[in-house]
Amino acid sequence: MDNEKRALNSIAQDIAQVARGMGLDFYPVNFEIVPAEALYTFGAYGMPVRFTHWSFGKAFYRMKTQYDLNLSRIYELVINTNPAYAFLLEGNRLVQNKLVIGHVYAHVDFFKNNYYFSRTPKDMVERMGAHAEKIREYELLYGREKVERTLDAVLAIQEHVDYRSHIGTKGKMENLPQVNRPLKDEGHKCPGDACSGNHSCGSCGGNCTTKEPSKADSPKKVRAKRASLPYEDLWGDLIDDDCKCESQPEHEDLLLYIIKFAPGLEEWQRDIVGIVREESFYFYPQIETKIINEGWATFWHARIMHELDLTDAESLEFALMHSQVVQPSRMGMNPYYLGVKIWEHLAKNKALSEIFELRETENDLSFIRNHLTRELVEELNLFNFRKVGAHWQVTENEWEKVRDNLVQQLVNGGHPRIVVLEGDYEGKGGLYLKHRHEGVDLDIVYLEKTLSLVQFLWGKSVSLETVVDTKKVVYDCSNGLVSHHQVSKAGEK
Amino acid sequence: MADDIIVSRDDWSLHRKGYLDQTRHKEKVEEVIKQQLGDLIVDESIILTDGKKSTKIPMRSLEEFRFRYDFNKKNHTGQGTKKMVPGEILGRDQAKGKGAAGSGAGEEPGQDIYEAEVTYEDLANILFEELKLPNLDDKKRPLIAHDRPEFNDVRKKGLMANVDKKRTLLESIKRQAFSQKQEKDARLKISPEDLRFKTWETRPNFETNAVILAMMDTSGSMGQFEKYIARTFFFWMVRFLRLKYENVEIRFLAHHTEAKEVTEAEFFTRGESGGTRCSSVYQYALDLIETKYPPAHYNIYPVHFTDGDNIGSDNSRALSLMQRLVEVSRVVGYGEILRTHYSSTLMSTLKRITDPKLRLVTIRDRNEVYAALKTVFS
């Protein structure tokens, strides 16, 4: 046991005591000191072990370059498992590590107690390891190019799964988001134990050619689902919107729809879609709690540090590091800064027990919506801006507009909502998607490229309906070629 | 003490996953480069920097496509250091903080510039792989020869300036290893018999010379676009010929109704008004060949860029001069840079020359330069 490790070990124990004494409730934590390469790999892949894809290599290169050029630095990384894994950057100074360790405990407390993580399997490291092995096997069996092409396409739509599918339908509660049984979730019976493994249910694919997609997502239930969300009013316009197309069930889970109904997909490809889908369920709660979780961890590391006996030099270094973490950025939003400011504000006005309750029940969207007050918007000098001509211009600074704009950006994890309307469009087996337009148009270049990737997965033609400059436009893609046409009101889907 | 908190440290030195996938990303970027060669070779950043060998080409990294919002049509939220009022300008177009916007809640549409490890040389190699020198004719071996030293021997006697340090040291080590008595002072000593010298032999050297006669229409109808196309073409042409010949000269001949020789800078920047008489520059080129570049000694590559807007009465004279030019040259390129779909009367006149040494190309778009290069050098 080297000295640094021993010293850290005892510090980590001490800080755990302090943190628990303050009320934080976290899983056991395994800290591991790793070199920059390893830390940045985990950062890029989101996990210590994950399948191979060039996009992770790209992320790794970017993060590593920024580190090498001293532009930015990750001090720690926490994996949401039980026990939790936390990675400390080799060469962190002692006081840096003290701060980081406190920060880690608060994150793990959040993972353990926040409602949105309650469905996350706590053994994701092993599962993703198994996924990586599976995909490696497919590479050997079917060739790297083929696997990569499939992954390229699936990763392009990985966000389009139904994160809220457990709400509203009782039967689903037990199963989701354990995607290893994606077909059961929708009422499909798998033969024998084929589905009890760690992977998505590839062996069921052959039996899944049910003609009619399940009725689980009928508009009525979609509404019921939404009504049970904490902030129904947010969905007001959308519910109205749904009424217009009562006759047509929509399917929010594009990946599941592809697993079940894509006519041209091979079994191993279905399995890959299932793998990506399961990992997507794991990452989504992290995406939707970025601000609140980083704010929480920052809020607590500061409090914990005040409890520790620091030398003057250490205090100074801590203050410097803390201020770097919460540095505001002009053209964007530093989640640490925004989050910690809201928590500090809440701590001034509420009892501690209430604070702990909020960390159980809120996500970014509700956190901003409920607790970003007028005083905070003014204190933090928040403003809205957009592109006017060739300039980025400040458009609004009224607190409610700022708050609502932030909220709007957080809806659906910041991703456009794409739903499946039909799997046999015009009787030719085409997939018909609809973008639920909520005020912001899609990036057309990206739309066209992504559509051709979806078409690759689907096998037959794929169409997407969206709104461009207030006009309804349908993009069609067949054989990799994309075309588009405007739709008149009469031909409305 | 809580025993559920553990600190450990492992050996991560073999953890290469990130690097492996990074390599794959790089491979894919390079595949894209090959596919987009037509676009890349006309890139300003390459043409205008004179192609320094060590400079890397900034390549956009591969995009990860998604259904995403149009960044430019979105309302964003930012944090100020002071109160911001509506109407204040934050920045122009490509906002600096682009990658940072989006409140950390979604895809951040920042653009990553990926410094691809593709040097101009690599690019040139990929490009030139597909090009070849036409009409290689051994009879035209150049007659000029001069002696060139070649260091290809090592001797014990020679000029001190040419001492071969490495071999000398090796000799010294060998000698001291062989000598039985171990000297107390174990430092190496170099004695006169250790010395080795590099020596040379002289060989007659036949230099191969090529001259490019870059001709361009500088009449009013030739704009920035046309000049840029021509410039790109000549840029790669010079580099390609330098691989094949030891000396490549380039002469710049500009013309409207009259031809004259100009400097490179003038050639690519100056525009003049007036009509076009292509025969003038063909005559000028022929005169130049006659006085300075005897075809027996030089590989001559005249290339003419114009928009084809020639004075009608000049066409027959241009044809006969072009015929003579083709006879004395290796290859003659005639490029019409057009933005319309019609080809000119000069083009159809020149088509009467059946000699395969005359290569006629039409360029309508930037990325057709690559195809033009392939046509001329095939």
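Predicted model: local features only at pLDDT ≥ 70, side-chain atom pairs only at ≥ 80, totals over all residues.
Q: OK, what does H4 of chain A reach from its first C-alpha to its last?
A: H4(A), residues 94-113, reaches 29 Å. With 20 residues, that is close to the 28 Å expected.

Q: How many of the H4(A) residues are buried?
A: Buried residues number 16 of the 20, so H4(A) is largely enclosed by the rest of the structure.

Q: Switching to chain B. What is the strand order in the sheet?
A: The order is E10-E9-E8-E11-E12-E13, six strands in an open sheet with mixed pairing. Strands E10 (259-262) and E13 (358-363) of chain B are the edges, each pairing on one side only. From one strand to the next, the twist averages 20 degrees.

Q: And which helices pack on that sheet?
A: Helix H6 (residues 224-244) of chain B touches E8, E9, E11, E12 and E13 of chain B, and its direction makes about 175 degrees with that of E8(B). Helix H11 (residues 369-376) of chain B also packs there, touching E12 and E13 of chain B. The direction of H11(B) makes about 170 degrees with that of E13(B).

Q: Back to E10(B). Is its pairing with E9(B) parallel or antiparallel?
A: Antiparallel, over four bridges. The two strands form a hairpin with three residues between them.

Q: Which residues face each other there?
A: B:Phe252 has B:Val262 as its bridge partner, and B:Ala254 stands opposite B:Lys260.

Technical notes
Residues numbered from 1 in each chain as written. Chains lettered and ligands numbered in written order. Pairing = 2+ DSSP bridges. Axes fitted to C-alpha atoms, helices over the stretch in contact; angles between N-to-C directions. Contact = placed C-beta atoms within 7 Å. Expected span 1.5 Å × (residues − 1). Buried ≥ 20, exposed ≤ 12 C-beta atoms within 10 Å, placed from the backbone.
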